[in-house]
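The sequence and structure come first.

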Amino acid sequence: MKDLSAEKSLASIEINNRLFFRFFQAANTLHTKGTQALDEFGVTTQQWSVLGALSRPKAAEGMSVGELSRYLLVSRQNLSGLLTRLERDGHVERSPGEDDRRSRKVRLTAKGEALWTALADPIHDFYDQALKGLSFDDRLAFIHYISLLQKNMSKL
């Protein structure tokens with residue numbers, strides 16, 4: 001007689017491997033195709049995420065580099081390079097914090113706000129194409145499961 005628990009365990013390992021590999025592939029495809037979708041603007045998906053984070057009403061007065069790093073779940077080192085390029089291109093500005101002059105606040109410039117507005121339609125078109133075949137309810141469930149996965153991984 002076969003050991004069903006061993007078979008189930010092997011099946012779980014295989015499914016877990018496939019799931020995480022597909023997640024890895026999807027993330028890489030997001031970066032490649034997302035950057036291609038905004039090619040005419042010269043914006044990468046990483047820059048897109050920074051601009052999006054800073055465009056939120058909650059960030060209208062700017063965000064500290066640490067807050068932005070935590071919000072985007074990226075290292076301060078990786079964020080620093082992105083901010084340098086966005087600042088060089090005139091899309092963001094860094095200024096000393098009001099409470100702590102050593103900290104830096106990052107916010108969109110008028111040029112950055114204009115770029116974000118120009119990116120809206122191409123980004124929404126990208127989303128529509130990428131999520132083709134997923135219903136509204138599928139999308140909500142997907143958000144739930146990705147959030148749960150991220151929460152679980154953050155506890156590791």
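## Burial and S69

A residue counts as buried when its relative accessible area is under 20%, as exposed when that area is over 50%, and as partly exposed in between. The model discussed here is predicted. S69 has a relative accessibility of 9%, so this residue falls under the 20% limit and is buried.

S69 belongs to helix α3. When neighbours within four places in sequence are set aside, the contacts of S69 are V74, S75, R76 and L79.

In soluble globular proteins, nonpolar side chains tend to be buried together. Here the largest nonpolar core consists of 23 residues, and V50, L54, L68 and L83 have the most contacts inside it. At least two residues of this core come from each of α2 (45-55), α3 (65-72), α4 (76-88), β3 and α5 (110-130). Helix α2 gives the most, with five residues.

V50 is one of the residues with the most contacts inside the core. Beyond its neighbours within four places in sequence, V50 is in contact with L68, L72, L79, L82, L83 and L86.

## Aromatic rings

A pair of aromatic rings is described by the distance of the centres and the angle of the planes. Three aromatic pairs are present in the structure. In the pair formed by W48 and Y127, the ring centres are 6.0 Å apart and the planes stand at 40°, so the pair is tilted. W48 lies in helix α2 and Y127 in helix α5, 79 residues apart, and the pair thus links distant parts of the chain.

## Charge over a ring

R56 and Y71 form a contact of another kind. The charged end of R56 sits over the ring of Y71, at 3.9 Å from the ring centre.

## Salt bridges

How many salt bridges does a search of the whole structure find? The search gives four. One of them joins the side chains of E14 and R18, with an N to O distance of 3.1 Å. Both residues lie in helix α1 (residues 4-37), and their spacing of four residues is about one turn of the helix. E14 has a relative accessibility of 39%, so this residue counts as partly exposed.

Another salt bridge is formed by E87 and R94, whose closest N and O atoms are 3.0 Å apart. With a relative accessibility of 31%, E87 counts as partly exposed. The side chains of R107 and E93 also meet in a salt bridge, at 2.4 Å from N to O. R107 is in strand β3 (residues 104-108) and E93 in strand β2 (residues 92-96), so this pair ties together parts that are 14 residues apart in sequence. Both partners are partly exposed: R107 has a relative accessibility of 36%, and E93 has a relative accessible area of 29%.

Note on methods. Residues are numbered from 1 along each chain as its sequence is written. This is a predicted model: local features need pLDDT of at least 70, side-chain atom pairs count only at pLDDT 80 or more; totals for chains, interfaces and linings use all residues. Side-chain values use heavy atoms; hydrogens and water are left out. Buried means under 20% relative accessible area, exposed over 50%, partly exposed in between (1.4 Å probe, protein chains only). A nonpolar core is a set of buried Ala, Val, Leu, Ile, Met, Phe, Trp, Tyr and Cys residues joined through side-chain atoms within 4.5 Å. Contact means heavy atoms within 4.5 Å. Rings of Phe, Tyr and Trp (its six-membered ring) pair if their centres lie within 6.5 Å; planes under 30 degrees apart count as stacked, over 60 as edge-to-face and the rest as tilted. A charge sits over a ring if NZ of Lys or CZ of Arg is within 6 Å of the ring centre and within 35 degrees of the ring normal.
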